[in-house]
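Hi,

Here is the structure I promised to pass on. Have a look at it first, and then read my notes below.

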Amino acid sequence: MAGLRQGDVAPEFELPREGGGTISLAALRGGPVVLFFYPKDDTKGCTQEAISFSALKEEFQSAGIMIIGISPDSANSHDRFTRKHGLTVALASDEDKAVASAYGVWVEKSMYGRKYMGVERTTFLIDRQGVISRVWEKVKVPGHADEVLAAAKAI
């Protein structure tokens, strides 16, 4: 499935989250939402990305913007990841990869000639009406959270 683009309606979801309970896109309607899809808890790039978004959480919050990280890891894994690195952003568990598939980020990848399925690091900025305002594909972590914050404040 091709990834979603600017102007597309963001697919709804309700997923288990770290700390218990669930998080849904519908419950966040009325304010901008940043969804960052990442491959795996506690790996180098994913940890750097989650720490970067956590470091800017207060700035996002004061601008009325919610941040949610989504990966195929379990909610228990997210709990450990959050505690280990002092993360403050919401982390949602997409164990069946249904949400990653709906957003077009569950893709075939290749490493050392071996092909496998995995999450393509991608960030979506969703406006107050649930429409995708911007998409960052194949994200490079350094400076990414700052760039997303600036874009989110502009909508």
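Before we get to the layout, a word on terms: helices (H or I, at least four residues) and strands (E, at least two) are DSSP runs, numbered from the N terminus. Contact means heavy atoms within 4.5 Å. Axes are lines fitted to C-alpha atoms, for helices over the stretch in contact, and angles run from 0 to 180 degrees between N-to-C directions.

This is a predicted model, where local features need pLDDT of at least 70 and side-chain atom pairs count only at pLDDT 80 or more, while totals for chains, interfaces and linings use all residues. Residues are numbered from 1 along each chain as its sequence is written, and side-chain values use heavy atoms, with hydrogens and water left out.

Start with the sheet. It is open and has five strands in the order E5-E4-E3-E8-E9, with mixed pairing (two strands pair if DSSP finds at least two bridges between them). E5 (90-93) and E9 stand at the edges with a single partner strand each, so one side of each has no neighbour in the sheet. On average, neighbouring strands are turned by 20 degrees against each other, direction ignored. E3 and E4 run parallel and are joined by five bridges; Val-34, for one, has Ile-67 in E4 as its bridge partner.

Two helices go with this sheet. H1 lies across E3, E4 and E8 (122-126), running at about 165 degrees to E3. H5 packs on the sheet too, touching E3, E8 and E9, and its direction makes about 165 degrees with that of E9.

UniProt lists Cys-46 for "active site" in an unreviewed entry; the positions are given in the numbering used here, feature names are shortened, and annotations may be inferred rather than shown by experiment. Cys-46 counts as buried, at 1% relative accessibility (buried means under 20% relative accessible area, exposed over 50%, partly exposed in between, with a 1.4 Å probe and protein chains only). Leaving out residues up to four places away in sequence, Cys-46 touches Tyr-38, Pro-39, Lys-40, Phe-81 and Arg-121.

Over in H5 you'll find His-144, which is buried as well, at 4% relative accessibility. Its side chain makes a polar contact of 2.8 Å with the side chain of Thr-123. (A polar contact is a pair of N or O atoms within 3.5 Å; within protein, one must be able to donate a hydrogen and the other to accept it, and residues adjacent in sequence count only if both atoms are side-chain atoms.) The C-alpha atoms of His-144 and Ser-52 are separated by 8.1 Å, although the two residues are 92 apart along the chain.

Finally, the salt bridges, meaning a side-chain nitrogen of Lys or Arg within 4 Å of a carboxyl oxygen of Asp or Glu. The count comes to eight. One of them joins Arg-29 and Glu-12, with the closest N and O atoms 2.8 Å apart. Arg-29 sits in the loop between E2 (22-24) and E3 (33-37) and Glu-12 in the segment before E1 (14-16), so the pair ties together parts 17 residues apart in sequence. Another is Lys-40 with Asp-73, at 3.6 Å from N to O. Here Lys-40 is partly exposed at 45%, whereas Asp-73 is buried at 11%.

Happy browsing!
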